[in-house]
Amino acid sequence: MVSTEQSCWFIRKVICWRAVASIAWAVLLLPPITLVFVIISKFSFLHPVQTISCLYLLTSASGIFSFILLCGVILIVGFLHLEYYTIPMIACSKIALLGQLLHPRQFINSLVHCFMGVIVAWCCAVTMGLRYETLGYPCTESDDSHPQMCLNEYHLILLLAGAFVGFSHSLLGVIYNMNYVSFHTVQQYKYLRFKRCLPLVVKCSATQALYSVRNYIVMYLFLYIPRAWICKTLNLHLDSVHPLDSIAGLLDLSLLYHLWSSATFLLLTWNITLLLFRIFVTELQVYSFPVQSSFTEDSHQCLPKVLTEKFLALQDLALLSQHSPSRRCEVFSLSQPGHPHNWNAISKECLSLLTDLTQRLVAYHDTVATNGRAKSLSTSGTEDLMSPRPVFLMKTPASVFARSVAGTPQSPLTSLFTPDLDSPFASPALRRLTAPVDQCSPWYGTVQSPHIMRRAPKLWSTSTDSQVNGSPTPSPSSVPSPKQEPSKPSFLAQFLQNRKEQVKNFLAKRVLIMYLFNKLPEASSQALFADSQAHIWALELSYLVQASFSEDQFGVVQTTLPSILSCMLVLQEAVDRHFKLPHASSKPVRSTSSMGDSTYKTLRFALRATLKTAIYRITTTFGDHLAVQISAEHRKRLQQFLEYKE
């Protein structure tokens, strides 16, 4: 796992500077956006010249103060993007999604967005002027000639609309995974990408503002607004002549138009800040991670050290493998005293990522095969003794750029598929897959197929000594085994278990409970492949294997070629099994009505295509020269690739 020094170096020199650049550009774009908002909010068909003359409001004292407040809001929004960006959090049920929305961290985020919405709405009210400018206005009672200050409900409804839009925007960010940062396959310049995405951002902002205003009007009409408490707190009087909590009061086209334009301005500034953050953070590296360093103090910045912890490093590896012959020579070179440390480190980290995904898929298949129930102790005990155990331990990136540090507890907003092995609800198969490997075991240093795992007791029941001496294998019946008396549960434990089953059966018959706890279609599959962009780049290791056919002078790749092919074939077998499950092979429809990036929903298809292409790339390059020590099953599968039958 990455150390504190490594993580701080990467965040300080790469991520933070990119986030600052995106915020600076968002602030620079704020004046033209504000100018367009003033023109739209004050436009009149009958007096178009008067609309242009109202632009002097931007240079007034209130206009300058409003612009300073808007700049502060942009800074806070940019900081929240930097703090909350992550891989997509897939809720597999309605109750899981509700838990994400009610999480304390998310609740604080929603309150901050609500407060910022009020500030932006106040700036819009001051900019529009007229009846929206102040919260109080002078009025005269019918029986009193002295002027008094009454509550301006037009200003109040605009402020509450800003709070509602900000709060709903925060909730929609969780539902649609707006904090997800994806890497595009085809890289573009920042200006071209911004120009291409700007119309979509304007469309999404206007559409979301329209739905938010509709929901807000319904809420304002039917929910109680404490006007009396507000008037008493601010020492204002309530004007009962023009109430807005009625259908006639809310059916004011001018009011609805100004509410929609203000909400669009709010969402447009925030969405542009989000778009700029995505563009700058996912930009290609202006510098490359060095393959090896001449100085010890800079070794933590080398590519093998940061490979599995940072997506930009994996992206750099993919570019290195395809387009950089000079850097490939550094990977294939020998270190002192003649060992391929660079290649071993890079290949080990890539294979570790691929093995991790294979383990997750196998564990998920075991859970599906048992209908979500844990296996019996006798079955799990036999598998623990006889089943193969992969060499690499689980190492899942905690976030898109691995901002979590070793020893730091993972946040629920950043950890996607990191199971708690100490939990009593953890699967025995998952504990078996993550257990360390015994060096005396015949499985040490090998990666086998999940099908061979199930046949392990039959294939590997012969010991090494008996094979050498030629002695027959003793039958299982001749081996004495100690009889174990089954422990009978106590009366209290049995009573509690029966009550638990009764409660579960009772709740299972309730429609609302089943609606909340039922699994969403495709959610489990999307959650398994949510961080598969890292695995897709790890599969680009095949480009290095392909280049080694002509560039590897010392043959360093040949030593690990069997393990690379075995790892890819096992992963392909697990992926093929997964796509046979219900809802795994159906492609979801991409939504363009929100700022949420839905590319994570199709990552499993991209991974399957990249995996098959990587194997074909190796087999096509080596052809008949591909003589590796692999199992018979893998050799048969590899022959199908050589004959182009896959």
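Contact here means heavy atoms within 4.5 Å. The structure is a predicted model, in which local features need pLDDT of at least 70 and side-chain atom pairs count only at pLDDT 80 or more, while totals for chains, interfaces and linings use all residues. Residues are numbered from 1 along each chain as its sequence is written, and side-chain values use heavy atoms, with hydrogens and water left out.

**Overall architecture**

- The chain has 28 helices and two strands; helices (H or I, at least four residues) and strands (E, at least two) are DSSP runs, numbered from the N terminus.
- Of the 646 residues in the chain, 46% are buried; buried means under 20% relative accessible area, exposed over 50%, and partly exposed in between (1.4 Å probe, protein chains only).
- Among contacts in the chain with a separation of 6 or more, 80% come from residues 24 or more positions apart.

**Gln106**

- Gln106 lies in helix 6 and counts as buried, because its relative accessibility is 2%.
- Neighbours within four places in sequence aside, Gln106 is in contact with Gln100, Leu101, Ser170 and Val174.
- Gln106 and Val174 are 68 residues apart along the chain, and their C-alpha atoms are separated by 8.4 Å.

**Aromatic pairs and charges over rings**

- A search of the whole structure finds 13 aromatic pairs; rings of Phe, Tyr and Trp (its six-membered ring) pair if their centres lie within 6.5 Å, and planes under 30 degrees apart count as stacked, over 60 as edge-to-face and the rest as tilted.
- Phe65 and Trp122 form an edge-to-face pair, at 6.1 Å centre to centre with 85° between the planes.
- Phe65 is in helix 4 (residues 61–84) and Trp122 in helix 6 (residues 104–128), so this pair ties together parts that are 57 residues apart in sequence.
- Phe65 is partly exposed, because its relative accessible area is 43%; Trp122 also counts as partly exposed, at 29% relative accessibility.
- Tyr132 and Tyr154 form another edge-to-face pair, with 6.2 Å centre to centre and 90° between the planes.
- Tyr132 lies in the loop between helix 6 and strand 1 (136–140) and Tyr154 in helix 7 (residues 153–175), so the pair ties together parts that are 22 residues apart in sequence.
- Both Tyr132 and Tyr154 are buried.
- The charged end of Arg131 sits over the ring of Tyr154, 4.3 Å from its centre; a charge sits over a ring if NZ of Lys or CZ of Arg is within 6 Å of the ring centre and within 35 degrees of the ring normal.
- Arg617 lies over the face of Tyr543, 3.7 Å from the ring centre.
- One aromatic cluster is formed by Phe164, Tyr216 and Tyr220.

**Second largest pocket and Gln533**

- A pocket is, on a 1 Å grid over the protein atoms alone, an open set of points where a 1.4 Å probe fits, with protein on both sides within 12 Å along at least five of seven lines; lining residues have an atom within 4 Å of a point.
- The second largest pocket has 25 lining residues, and the closest to its centre are Phe183, His184, Thr185, Gln533 and Ile536.
- Helix 13 gives the most to this lining, with five residues.
- Gln533 is found in helix 24 (residues 532–538) and is buried, because its relative accessible area is 13%.
- Residues up to four places away in sequence not counted, Gln533 touches Phe183, Phe311 and Leu603.
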